[in-house]
Amino acid sequence: MKPAGALIAAGLWAAAGAAGAQSVAYGALERLAPGPSACPGGLCQADALSAVFRRLAGAGAGAGEPVPVVHIRQIGDSHTAGGRITGAVRTRLQARFGHAPAPAGPAVEGHGERRPGVLFFESGRVGATLHHLPEWPDDEVAGGPPPGAADLVILAFGTNEGFEDALDAAAYEALLRSQVDRLRRLTPAPSLLILGAPDALRSGVEAGCSADGRRAPPPSLAVVRDVQRRVAADLGVAFWDWHGRMGGDCSADRLASRAEPLMHGDGVHFTGAGADWIGGVLADDLIAAYEAWKAGPGGAD
């Protein structure tokens with residue numbers, strides 16, 4: 001991200017990411033209700049996740065039944081690199097579908113021998129944009145434990161691009177389409193999910209939407225979000241409305257102003273409590289979409 005205030009300090013988040021590598025204990029948090037979304041339950045094209053839902057249906061089967069390990073990989077910018085948002089998603093999905101320890105690691109206390117369930121990896125880089133993704137190696141983009149591929153790949157870019165005043169929307173759309181095509185070539189039974197860019201604020205504006213009137217979302221952020229949603233709909237990819245679920249325009253300011261702040265004062269990054277909250281919202285939306293799928297014709301197969 002070009003403004004220095006919009007970048008995470010790498011050392012701070014590296015420590016948080018290491019602590020949240022596979023399993024993080026989260027304390028109880030008084031849950032703020034998620035914001036309204038134009039996508040049902042926060043997810044547009046939820047049926048595009050049917051392949052991973054079928055895998056999760058096996059992972060959640062009863063004792064003694066053959067069940068798979070479900071590999072999920074999220075790739076993105078500092079929101080992913082921090083490890084806290086993904087840690088909240090991981091914890092909730094593993095609580096629902098089981099915890100599959102990493103193949104090269106020891107058995108996890110309380111889980112006995114290695115067993116099927118959800119294995120969740122994140123690959124995040126501070127300051128990354130979708131423009132950097134073509135340079136990332138294939139195994140970092142869509143790989144599960146060797147020699148497999150991820151069952152679900154979550155694309156979580158957009159905040160940094162939103163601060164680019166000269167963003168070319170047409171070029172950005174072409175790039176996003178090419179990377180979706182790449183992921184589909186890398187994964188044999190792909191389920192893909194695009195996280196729409198969240199709300200973020202830029203300082204130094206007049207008549208902004210923040211409480212002090214000095215900050216507002218950079219204009220390119222809405223452009224990025226529109227491209228992401230249109231491409232997802234056109235290509236049959238699931239889309240999560242992060243912006244809507246966190247409260248819409250200028251929600252970054254409102255979340256930062258709470259008695260227990262859910263965002264930092266930079267108007268870009270979530271606090272630990274906020275990361276737990278928004279990660280929980282994403283996980284809850286995914287689980288709700290899974291339950292709806294399971295209750296429908298697809299879940300009866």
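## Basis of the model

The model is predicted: local features need pLDDT of at least 70, side-chain atom pairs count only at pLDDT 80 or more, and totals for chains, interfaces and linings use all residues. Residues are numbered from 1 along each chain as its sequence is written, and side-chain values use heavy atoms, with hydrogens and water left out.

Helices (H or I, at least four residues) and strands (E, at least two) are DSSP runs, numbered from the N terminus.

## The sheet

Strands of a sheet pair through backbone hydrogen bonds, either parallel or antiparallel. Here six strands make an open sheet with mixed pairing. Their order is S1-S8-S5-S4-S2-S3. Two strands count as paired if DSSP finds at least two bridges between them. At the edges are strand S1 (43-44) and strand S3 (117-124), each pairing on one side only.

Strand S2 covers residues 69-76. Seven of its eight residues are buried, where buried means under 20% relative accessible area, exposed over 50%, and partly exposed in between (1.4 Å probe, protein chains only). S2 runs parallel to S3, joined by eight bridges. In this pairing His71 stands opposite Leu119 of S3. S2 also pairs with strand S4 (residues 152-156), again in the parallel sense, over five bridges. There Gly76 stands opposite Ala156 of S4. Strand S5 (residues 191-195) and strand S8 (residues 238-240) are parallel too, with three bridges. Leu193 stands opposite Ala238 in S8.

Helix H11 takes in residues 272-295, 24 residues in total. From first C-alpha to last it reaches 34 Å, close to the 34 Å expected at 1.5 Å a residue. The expected span is 1.5 Å times one less than the number of residues in the helix. H11 is mostly covered, with 17 of its 24 residues buried. Helix H4 (residues 84-97) has 14 residues, which should span 20 Å at 1.5 Å a residue; its end C-alpha atoms are 20 Å apart, so the two values agree. Its buried residues include Ile85, Val89, Leu93 and Phe97. Thr91 also belongs to H4. This threonine is partly exposed, with a relative accessible area of 27%. Just after H4, Gly98 takes a positive phi of about 105 degrees.

Two packed helices are described by the angle between their axes and the distance between the axes. H4 and H11 pack at an angle of about 35 degrees, and their axes are 7 Å apart. Axes are lines fitted to C-alpha atoms, for helices over the stretch in contact, and angles run from 0 to 180 degrees between N-to-C directions. The crossing of H4 and H11 is right-handed. A crossing is right-handed if the near helix is turned clockwise from the far one by less than a right angle, and left-handed if anticlockwise. The contact of H4 with H11 has 11 nonpolar, three polar and seven charged residues. Ala, Val, Leu, Ile, Met, Phe, Trp, Tyr, Cys and Pro count as nonpolar, Asp, Glu, Lys and Arg as charged, and the others, Gly among them, as polar. Thr91 and Asp276 are 185 residues apart in sequence, yet 9.9 Å apart in space, C-alpha to C-alpha.

## Two disulfides

A disulfide is a covalent bond between the sulfur atoms of two cysteines. Here one is counted when a pair of cysteine sulfur atoms lies within 2.5 Å. The structure holds two. In sequence order of the bonded cysteines, the pairing is 1-2, 3-4.

Another joins Cys209 to Cys250, S to S 2.1 Å. Cys209 lies in the loop between strand S6 (202-203) and strand S7 (215-216), and Cys250 in the loop between helix H9 (242-245) and helix H10 (251-256), so the pair ties together parts that are 41 residues apart in sequence. The torsion about the S-S bond of Cys209 and Cys250 is about 90 degrees, so this disulfide is right-handed. Cys209 is partly exposed, at 40% relative accessible area. Cys250 is buried, at 3% relative accessibility.

## Positive phi angles

Most residues other than glycine have a negative phi, and most peptide bonds are trans. Cys250 has a positive phi of about 65 degrees although it is not a glycine. Ala207 has a positive phi near 55 degrees. Ala207 sits in the loop between S6 and S7 and is exposed, at 76% relative accessibility.
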